[in-house]
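Trainee: Can you walk me through this one? I'd like to start with a single residue and then look at the strands.

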Amino acid sequence: MNAISDISHRVIDDHAVLDASADAVGGKAWQLAQLRRYGLPVAEFIVLPAAAAAPTDEAEHAWAAVQARGWADKPLAVRSSAVGEDGAHASFAGIHRSCLNVCGAAQLAEAIAAVRASLLSDSARAYRQRLGIAGQARMAVIIMPLLPAVAAGIAFTCDPRDGREDRMLIHAHWGLGEALVGGEADGDEYLLAEDATDSWRVLSCRLGGKAQQRRCADGGGTELRATPAAQTRRQVLDAAQIETLAALLRDAAYALDFVAPFYDLEWLWDGARFWLTQARPVTRRPHYTYPALQNQPAIWTRGNTCELLPDPLAAFDWNFSRRGVNALLEQGARLAGYPLQDGVQRAGLFHGRLYLEASIMQWELWNAVDVPPASMNVMMGGHQPEITVPASSWRERLRRGLNMLRYLRRAGAVRQRGEAAIVRVRAMAQRLRAAPPPAEHAALRAAIQEAGQVARSEFDMFFLQGSGGGSLSLLRDTLEKAFPGEGDALGAALLAGGEASVTVQQNYALLALAQRARQEGRESTGFQRALADFMQAYGHRGHYETYFRSASWREQPDSLLAQLDSLADIDADALRQRQQLAAAQAWARIRQHAPWPTRLLLRWLARAANRECNQREAARSALIDNLDAVRHLADGAMALLRQRGVLHADEGRDALQHLFLWEIDSACQGSLAAASLRARLLDRQARFARWQAETAPEYLLIQPDGQHTAGALPTPSAPSDGQRWRGLATGAGVARGRVRRIRHPAEGVALQAGEILVAPATDPGWTPLFLKAGGLVVETGGYLSHAAIVAREFALPAVVNLPGIMDALQDGEWVEVDGGRGVVRRVGNG
């Protein structure tokens, strides 16, 4: 140990790499040190610090370090680690020198000099010049024992050829990896696809010629040898090895960066286990999209998602969202028979927030069933631009019309199956919650897998959640044609008279609970029984319930009970009468001015829109019920992780949310060390804190060349006349009242009956406040947003999609909310 201390100023140990700066150790060493810290299989190594030229005595210090670590009799690998190498913008792949099978002090000195010298090679100079890398080039050197290589290769945790995210490409060859990296041999190529269980399956296997392979030469260095005939004909890795390697590669990529887990990794098989020898981000990954969108910017928007998920997503939430968004949005187009482009990704994480790829969504709806991009934007909300679509021939319009007929013909059966799935999922969730979480790992894993099966199999329920806008859009368009300028108002009124959604039923049940509490007292047997019944039906709901970290009403009943006193004076019958009156007045106007064919069509569309919106709300409720069951089971995982020292006694779901299920599973069974998982957790918590401090733009444009542009929002704080703002009309009628700005539903006790609720976003946890509000104004949302659907049902005057309105208005000032025209205006003192 004294020998090591004497040379510590010249040599950096692998465990100290991350305490140095990246400029001192170079990109490759930094990535390898991160992998070791996260518990990935990387051999021990040391680093000679970065310099523009080789220090004169560094070979002596390096050999002393090798001797001190007991490596003197082992063959070594000496690798480059230039500043900026293996980074997100510059890989330097194949540019700098690596020396393998380095034996003894003399060869080590030569290898260090060769690696240092490669910094100034013609190819390195040209590469830096091509990428515009300025400043003095500096090189660090990695030294590690050379692992015995039965096989080795290169892998990409995306498809580098087209950028597809749900593919993995593995190249494999016998012997050392140099033959593949240097292009000296044609190895096997395995293409894998990600499945819904976070696993990878082999799609195709191309056997390479494998005529030559690199092996260690006697006395040092490597040499090309002819591959034995039996090996040239045989697959380098069998199916089990490929799956094991794929899981390792996935884990490494997500450990390094779960937001962009697209890495070029070099690996080695020593006959017993896999090792990682290098990791670099994939640079200039192509944007995988429809051919018609290749030359248009990708439009990433929060116009819809910022309502339900306004805050950053942790790893647990993101892993579900990136899959769930596709499952939600693909079903309608598949039902119409539209050939979706396999593997396009409609969910992205920017500034920690969930964004949707609006350009893909606009294209699919237009090209499948002729819904204009502008109409799609109205449905989802936001102020993102529209894609450019080509002119359509009559044949193309006919094809889209036939797609719509096919959709309508098939949708009924799918909706019936979806409703059955809702019942099935809710029953499963209640069963899983009925017993304490299993204390034994295998049983806990089986229960979590059962709960997770919903995301992998219940596509009919996803269809209900993701395709609730077809009839609503047609209803709105038909009304607008028959009654120009009144489509939104009449549509909202018609839907006020339909069958109540599960969310509205929940709120009427809450009113009944509030009145019972006042009449009988909260300690009475009758109230306690009614509260238990309410929790059985609705206890899985809560504030910002889509986040894994959020507590449900069942877990924190005080957040619900605190609202009861302020709800006890609300007249449920008066609310129902308001709904019925709005619907009756709308139908009277339609009967008076619309021809009978239009009336018949509107009747059918109103019933269909009501049913689809209700199914959308019911499917969401079932998904949240399922998530609540996962939260319950997660308590068992937290107990196991506390036993293993991963979580501290005072840490709970706020910490667990930063881990992936496979990481939790590995830690619970002991295959991932507590310190390694703890390192991942701490780094993600730090990143999450940075995200919380950031302001996320409403939309982003990513140009074909990769340049990002943040979309500028309209500013309602400066309307044209200083007194009125125009948003999206989503609720019937007109209301006047005092402004009450509420930033979180927990603040809802401040809202007085009849006041105008002004909110940044709403989800089902907000809807009890709709019972008291005279009108609703929301910064976010579209025609299919939760606020819009429930406001229409309650016949509550509402305007959404007004970014900045929270700052433009002040508590106590009087405003008028025109839910039919989408206008909010100041009205003095009322």
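Mentor: Contact here means heavy atoms within 4.5 Å. This is a predicted model, where local features need pLDDT of at least 70, side-chain atom pairs count only at pLDDT 80 or more, and totals for chains, interfaces and linings use all residues. Residues are numbered from 1 along each chain as its sequence is written, and side-chain values use heavy atoms, with hydrogens and water left out.

Trainee: Fine. Which residues is D188 in contact with, leaving aside neighbours within four places in sequence?

Mentor: I170, H171, A172, R206, L207, G208, K210, R234, Q235 and V236. The D188 side chain reaches the backbone nitrogen of V236 at 2.8 Å.

Trainee: Is D188 buried or exposed?

Mentor: D188 counts as buried because its relative accessibility is 0%. The cut-offs are under 20% relative accessible area for buried, over 50% for exposed, and partly exposed in between (1.4 Å probe, protein chains only).

Trainee: And which strand is D188 in?

Mentor: Strand β8, residues 188-194. Strands (E, at least two residues) and helices (H or I, at least four) are DSSP runs, numbered from the N terminus.

Trainee: What's the strand order in the open sheet?

Mentor: The order is β9-β8-β7-β6-β12-β13, with antiparallel pairing. Two strands pair if DSSP finds at least two bridges between them. The edge strands, β9 (200-206) and β13 (274-281), each pair on one side only. On average, neighbouring strands are turned by 20° against each other, direction ignored.

Trainee: What packs on that sheet?

Mentor: Helix α2 (residues 22-37), touching β12 and β13 and making about 130° with the direction of β13. Axes are lines fitted to C-alpha atoms, for helices over the stretch in contact, and angles run from 0 to 180 degrees between N-to-C directions.

Trainee: How many bridges join β12 to β13?

Mentor: There are 7. L268 stands opposite W275 in β13.

Trainee: Switching topic: which way do the β17 side chains point?

Mentor: Y699 and L701 point one way, L700 and I702 the other, and all are buried. L701 has I299 opposite it and also stands opposite T709 in β18.

Trainee: How many residues lie between β17 and β18 in the hairpin?

Mentor: There are 5, and G706 in the turn has a positive phi of about 95°.

Definitions and conventions
A polar contact is a pair of N or O atoms within 3.5 Å; within protein, one must be able to donate a hydrogen and the other to accept it, and residues adjacent in sequence count only if both atoms are side-chain atoms.
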